[in-house]
Amino acid sequence: MSLLTLENLSRSFGGLRAVDGLSFAVEPGQVLGLVGPNGSGKTTALNLITGNLRADSGRVIFAGRDIARSAPHSIARAGIARTFQLVRVMASMSIAENVAVGAIFGAAPCAPAEAMRRAPALLARIGLEGRGAEPAGKLTYIDQKRLELARALAAQPRLLLLDEWLAGLNPTELEEGIALIRSIAADGVTIIMVEHVMSAIRALCGRIVVMNAGQRIAEGTPDAALSDPAVIAAYLGDDDA
Amino acid sequence: MNSPIFLAAVAAIAGAFALVQPHLGPFWQSLLINILMYTALATAWALFSGPTRYVSLATAAFFGLGAYTMAFLGEAMPLPMVYLSAAVIGAVVAAIVGLSTLRLSGVYFVIFTFGLAELIRQLVTWAEAKFGGTVGRFVFVPVSPTDIYFMLIAACVAVFALGWWVQRSRLGWALRAIGEDETVARHAGIDVTRAKVLLFSLSASVMSVVGCIMAPRWTYIDATIAFNPIISFQVLIMALLGGAARLYGPVLGVVPLAILFELLQANFPNHFSILLGAVFLAVVYLVPRGVAGLLEKRR
Amino acid sequence: MFIVDVVLSGLVLGGIYALIAMGLTLQYGVARIMNLAYGEFTIAACFAAYVLFTVSGVNPIIALAVAMPASFVINWLVYAIFMTPLVKRAPDAGALEVDSILATFGLLFVVQGVLLVIFGGTYFSYSYLAVPVQILGSAVALNRLLAAGIALAIALALYLLLMKTRMGTAVRAVAVNPASARLVGIDTARYAAFAFALGGALVAASGVLVSMFFTFNASMGVVFTMKALIIVIMGGVGNVLGALAAGLILGLAEALSAGFLDSGLTMAVNFALFLAILLWRPAGLFGKRAR
């Protein structure tokens with residue numbers, strides 16, 4: 001059974017159909033890439049899955065349950081964690097406390113003291129070893145992205161949604177980032193990643209879904225889907241709907 | 001401030017208040033009762049408004065509900081039950097207000113709380129006239145000023161213990177996260193509305209119990225006395241001056257302002273409201289650092 | 001003809017409420033100042049009209065011509081002296097909202113205190129044109145009718161000012177998006193001050209009109225502030241026509257509840273409407289859904 005299934009999901013803003021009858025499924029353990037030109041509705045799709053936006057119609061089935069009308073917090077508790085396209089850390093809390101918040105309220109909730117004990121191991125994993133006491137707001141942009149991922153992992157999610165998490169990394173950081181995502185997937189976490197860095201998509205994703213104007217226009221292995229004529233047209237922009 | 005020192009300090013100060021009581025004349029006892037009452041109220045106020053940055057203007061509403069609980073039930077049931085009832089009534093009314101406004105932007109909450117004391121005052125006045133045929137009621141319960149003094153010490157200790165416990169609990173963590181970034185908090189699995197409503201109810205039930213404790217001081221209460229908006233106002237200034245971000249912040253504002261207001265009330269009874277407003281404006285404009293804890297991030 | 005009585009008195013009351021709320025929607029919607037002392041200014045205008053009428057024999061219609069410009073200037077000064085520092089120090093709209101709530105809460109007690117010192121806590125009223133007029137077989141006091149008529153005329157004038165003039169367009173632009181308004185060369189700070197002062201002129205007008213038929217005292221401001229806030233939210237913040245419609249609805253609701261329930265419950269009716277709006281349409285009757 002698929003871990004997550006989107007069925008005919010739609011959401012409009014005024015006259016704009018940001019997500020328009022979108023359907024796809026993710027199997028457990030898969031790393032799915034969600035790609036498409038800017039404004040094609042990828043982030044809106046993530047916001048619909050996590051309950052940040054409410055769908056006008058359609059269903060989101062996660063682990064056998066329709067969560068399309070659920071509140072963000074109950075979706076998070078059901079086992080979906082996310083990072084944000086524009087980094088969001090809790091700036092005046094310490095780095096370790098940021099991670100602890102993920103553990104305290106996530107899919108496997110634990111007591112605050114226990115969460116603080118678990119934080120250092122997670123920080124080590126994402127490359128912020130020994131910096132737990134510093135305020136999160138002082139971190140560089142890239143390190144804040146790392147912290148967001150640690151917070152998401154602390155929740156022990158079954159499904160992890162990454163919204164352009166690799167954007168803005170230099171080549172070395174990109175290598176490390178890809179290795180990190182691969183190791184998370186190896187732990188059995190299913191991942192949906194919205195991404196523009198095609199080399200990373202090719203390296204990580206067995207399957208991708210390509211979106212344009214709110215709709216799925218292609219699906220398959222990265223190589224097959226990206227060479228689809230509809231995809232090429234969408235990226236070149238002569239298919240403006 | 002770390003926990004053992006904080007708890008020891010609370011216990012020591014409470015002990016000192018208890019020890020000096022036999023040596024107090026009526027004037028000093030009355031001043032200290034005022035300070036204790038405002039300490040409990042302002043700390044309870046900051047308990048909710050500090051971390052969430054929602055400005056509540058409804059202190060008088062909950063205080064008055066507590067006072068009226070004593071007036072209605074004081075002779076009908078044992079005193080401990082009366083205080084318990086006050087706590088429950090305050091919490092229930094706060095939950096209703098919270099559930100209808102705390103899902104929305106902060107300004108709706110402010111507006112609702114701004115009118116709440118007036119709403120309840122009018123409802124009580126209406127109900128008393130319609131069903132009781134009275135304007136006010138006498139509070140005849142065997143509670144002396146000294147009893148009130150000691151109960152207020154207990155209330156202060158309780159509110160500090162509550163605040164200390166909340167800070168370390170999941171609820172406290174949830175509220176800190178909400179204060180930092182509500183969207184992140186939501187997606188981390190925090191039921192934001194539930195956390196806010198819970199804490200608002202806790203804070204309101206403390207205020208109601210304080211009102212219930214204070215009611216016998218007046219012997220006669222009517223809705224205008226019990227739901228006096230000045231109470232909301234004073235609590236707000238004290239907490240803002242002291243700083244609402246820390247548990248011990250509000251006390252720092254309570255002590256100087258309670259004494260100042262006592263002096264103003266005694267010397268300029270007719271101009272009290274003007275002076276109060278002026279002091280408040282001075283706090284807002286000249287001590288933004290005191291206000292800063294609350295306003296740092298906005299709500 | 002009881003129902004005609006009720007509806008008529010509701011509409012008359014609603015016309016006045018609409019005017020009160022329009023001033024606030026200008027202050028909050030355009031100048032972004034959540035003015036909790038708003039009702040105090042209404043009451044102050046009531047007292048001004050009372051003094052002019054009883055002491056100098058000036059009739060309230062002429063009092064309007066004095067009170068509106070005076071209040072315009074006073075509110076301009078209030079904005080310049082009290083609000084400008086807050087606008088300057090606020091990092092964003094949310095911080096300004098909290099700051100203005102606190103500052104005007106202080107102002108509320110100052111204004112109320114001044115009124116209490118001068119007039120005490122007792123109720124005041126005066127008798128002007130208190131003669132019944134027959135409409136559809138129902139008797140309405142001429143002063144109420146006149147007050148509502150003037151209120152609607154002022155509301156209409158304001159609407160035309162906002163919709164038909166260059167200045168009005170600028171004011172609306174600032175209400176919708178201050179940052180973009182600045183980009184197209186609108187001096188937002190000046191228009192914010194202007195909107196706040198104009199709101200002040202309207203509050204004075206409504207106070208004078210209210211005083212023609214209403215019994216008031218120095219500590220009633222909060223009731224008017226609440227009504228105005230509820231109407232503004234019902235009509236949508238910054239929406240002048242919305243305020244007009246919502247004001248009429250509130251007036252009708254109050255008249256109906258006073259007629260069929262009990263006049264002691266008007267505040268409860270206000271809150272019930274407010275709650276209904278919060279639960280049903282938080283962005284106002286005419287607003288879009290928020291999420």
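I'll start at the end of chain A, with helix 9, residues 229-236, which lies across strand 9 and strand 10 of chain A. Its direction makes an angle of about 130 degrees with strand 10. Keep in mind that this is a predicted model.

Those two strands belong to an open sheet of six in chain A, in the order 6-7-8-3-9-10, with mixed pairing. Strand 6, residues 80-82, and strand 10, residues 215-220, are the edges; each has a single partner strand, so one side of each has no neighbour in the sheet. On average, neighbouring strands here are turned by 20 degrees against each other, direction ignored.

For one specific pair, look at Ala81(A), whose bridge partner in strand 7 is Leu160(A).

Which strands does helix 1 lie across, together with strand 3, strand 6 and strand 7? The others are strand 8, residues 190-194, and strand 9, residues 207-212. Helix 1 runs at about 150 degrees to strand 7.

Now the domains. Chain A is divided into domain 1, made of 23-79 plus 158-241, and domain 2, which is 93-156. Their C-alpha centres are 24 Å apart. Where they meet, 11 residues of domain 1 are in contact with 10 residues of domain 2. On the domain 1 side, the elements giving two or more residues are helix 2, residues 72-78, and helix 6, residues 171-186. Helix 6 has the largest share of that side, at three residues. By class, the domain 1 side has six nonpolar, two polar and three charged residues.

Last, the contact between chain B and chain C. How many residues does the contact take from each chain? It takes 31 residues from chain B and 35 residues from chain C. On the chain B side, four helices each supply at least two residues: helix 4 (79-101), helix 5 (106-132), helix 11 (229-242) and helix 13 (272-286). The largest share of the chain B side, 11 residues, comes from helix 5. By class, the chain B residues touching chain C are 20 nonpolar, eight polar and three charged.

Note on methods. Residues are numbered from 1 along each chain as its sequence is written. Chains are lettered from A and ligands numbered from 1 in the order in which they are written. This is a predicted model: local features need pLDDT of at least 70, side-chain atom pairs count only at pLDDT 80 or more; totals for chains, interfaces and linings use all residues. Two residues are in contact if their C-beta atoms, placed from the backbone, lie within 7 Å. Ala, Val, Leu, Ile, Met, Phe, Trp, Tyr, Cys and Pro count as nonpolar, Asp, Glu, Lys and Arg as charged, and the others, Gly among them, as polar. Domain bounds come from an automatic or database domain assignment. Two strands pair if DSSP finds at least two bridges between them. Axes are lines fitted to C-alpha atoms, for helices over the stretch in contact, and angles run from 0 to 180 degrees between N-to-C directions.
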